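Please look over the model shown here. The report below covers a helix pair and the disulfides.

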Amino acid sequence: MLCLAGAATALLTAPSPAPGRDRSGPQGGAARARPVVEVAFAVLAAPSRAGLPAEPDQPARPEGQCTDATATWLGTRWRDTVHWRLHPSGVPDYLGSADAVRDVVRRAAGNVDVGRNVCGVPEDLGTAQRFDGDTDRRAAVTPDGGCGQRDGHNVVSFGKLPDAVLAITCLWWIPGRDGSDGRTVEADILVNESPGRFALTPPSDCLDRWDLESALTHEFGHVYGLGHVPAARHPGLTMGDALPPCDIAHRSLGLGELQMLRAHYGSA
């Protein structure tokens, strides 16, 4: 579930995005930020309870989570702390209080920032983020899944999206030179507001809801520059292009994602 611009890959069953157009000035002036759009679709097939942990706070470790070193990179990273805000008035009523949802979103951002994992890997990736409070601004993501006009603010909000889409992240960055990482200048996340789509904690009889924290951990992975991997071949990785319903094991990062983030941020 992601939206990016440039050359990259895309959370839940997503097509590869078309390369973004170079919007550099004709005289070779400074390159302007350009949006990368990658969309991930939730797999709404008949859900299975196989592998669903008995206790939501004790997720089973997905196969390969601590041994699979696969990861993809979008080609851009932040050069300083990621400051972001939440648009609370759009939180769907079925999810309960905006305070509870805010806590989940903040945990998801922190999962990526600190490199939360169950693999015993040191949780120090060189990344940094800060929640700057609520905002009236909305994520610059269009209802049809495209990226809108960037406004210089990093926002997480809920809104209309195609039914099969869980969420979309739009990134804007200034391209790097000679193959080096670009410089990310904005990231917005739009979460599908459809009734009953998510759960803050999947219930014991969960069948067809998606764990909001797992989905947003995936999205914040995109914010920091991680791309998709095929979930069918890499079920243990949080950046897989499919997220099973009721799954909470992907609130933490896998080996490949941890290594990729450290490689790009560890010396930042």
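The text starts with the basis of the model, then turns to the helices and the cysteine links.

This is a predicted model: local features need pLDDT of at least 70, side-chain atom pairs count only at pLDDT 80 or more, and totals for chains, interfaces and linings use all residues. Residues are numbered from 1 along each chain as its sequence is written, and side-chain values use heavy atoms, with hydrogens and water left out.

## Helix packing

Two packed helices are described by the angle between their axes and the distance between the axes. Here helix 1 (residues 98–114) packs with helix 2 (residues 212–223) at an angle of about 45°. Their axes are 8 Å apart. Helices (H or I, at least four residues) and strands (E, at least two) are DSSP runs, numbered from the N terminus. Axes are lines fitted to C-alpha atoms, for helices over the stretch in contact, and angles run from 0 to 180 degrees between N-to-C directions.

Helix 1 and helix 2 are therefore oblique to each other. Angles under 35 degrees count as roughly parallel, over 145 as roughly antiparallel, 65 to 115 as roughly perpendicular and the rest as oblique. The crossing of helix 1 past helix 2 is right-handed. That term applies if the near helix is turned clockwise from the far one by less than a right angle, and left-handed if anticlockwise.

On the helix 1 side, the contact (heavy atoms within 4.5 Å) is made by Val101, Val104, Val105, Arg107, Ala108, Ala109, Asn111 and Val112. Helix 2 supplies Leu212, Glu213, Leu216, Thr217, Phe220 and Gly221. By class, this contact of helix 1 with helix 2 has nine nonpolar, three polar and two charged residues. Ala, Val, Leu, Ile, Met, Phe, Trp, Tyr, Cys and Pro count as nonpolar, Asp, Glu, Lys and Arg as charged, and the others, Gly among them, as polar.

Arg102 is also found in helix 1. Arg102 counts as buried at 15% relative accessibility. Buried means under 20% relative accessible area, exposed over 50%, and partly exposed in between (1.4 Å probe, protein chains only). Leaving aside neighbours within four places in sequence, Arg102 is in contact with Leu86, Pro88, Phe131 and Asp134.

## Disulfides

How many disulfides does the structure hold? There are three. A disulfide is a pair of cysteine sulfur atoms within 2.5 Å.

| Pair | S to S distance |
|---|---|
| Cys66 and Cys119 | 1.9 Å |
| Cys147 and Cys170 | 2.0 Å |
| Cys206 and Cys246 | 2.0 Å |

The link of Cys66 and Cys119 is left-handed, with -80° about the S-S bond. Cys66 lies in the loop between strand 1 (34–41) and strand 2 (76–77), and Cys119 in the loop between helix 1 and strand 4 (129–134), so the pair ties together parts 53 residues apart in sequence. Cys66 is partly exposed at 22%. Cys119 is partly exposed at 23%.

The S-S torsion of Cys147 and Cys170 is about -100°, so this disulfide is left-handed. Cys147 sits in the loop between strand 4 and strand 5 (155–159) and Cys170 in strand 6 (residues 165–174), so parts 23 residues apart in sequence are tied together. Both Cys147 and Cys170 are buried.

Cys206 and Cys246 make a left-handed link, with -85° about the S-S bond. Cys206 lies in the loop between strand 8 (198–199) and strand 9 (210–211), and Cys246 in the loop between helix 2 and helix 3 (255–265), so the pair ties together parts 40 residues apart in sequence. Cys206 is buried at 4%. Cys246 is buried at 5%.

With the bonded cysteines of the protein chain numbered in sequence order, the pairing is 1-2, 3-4, 5-6.
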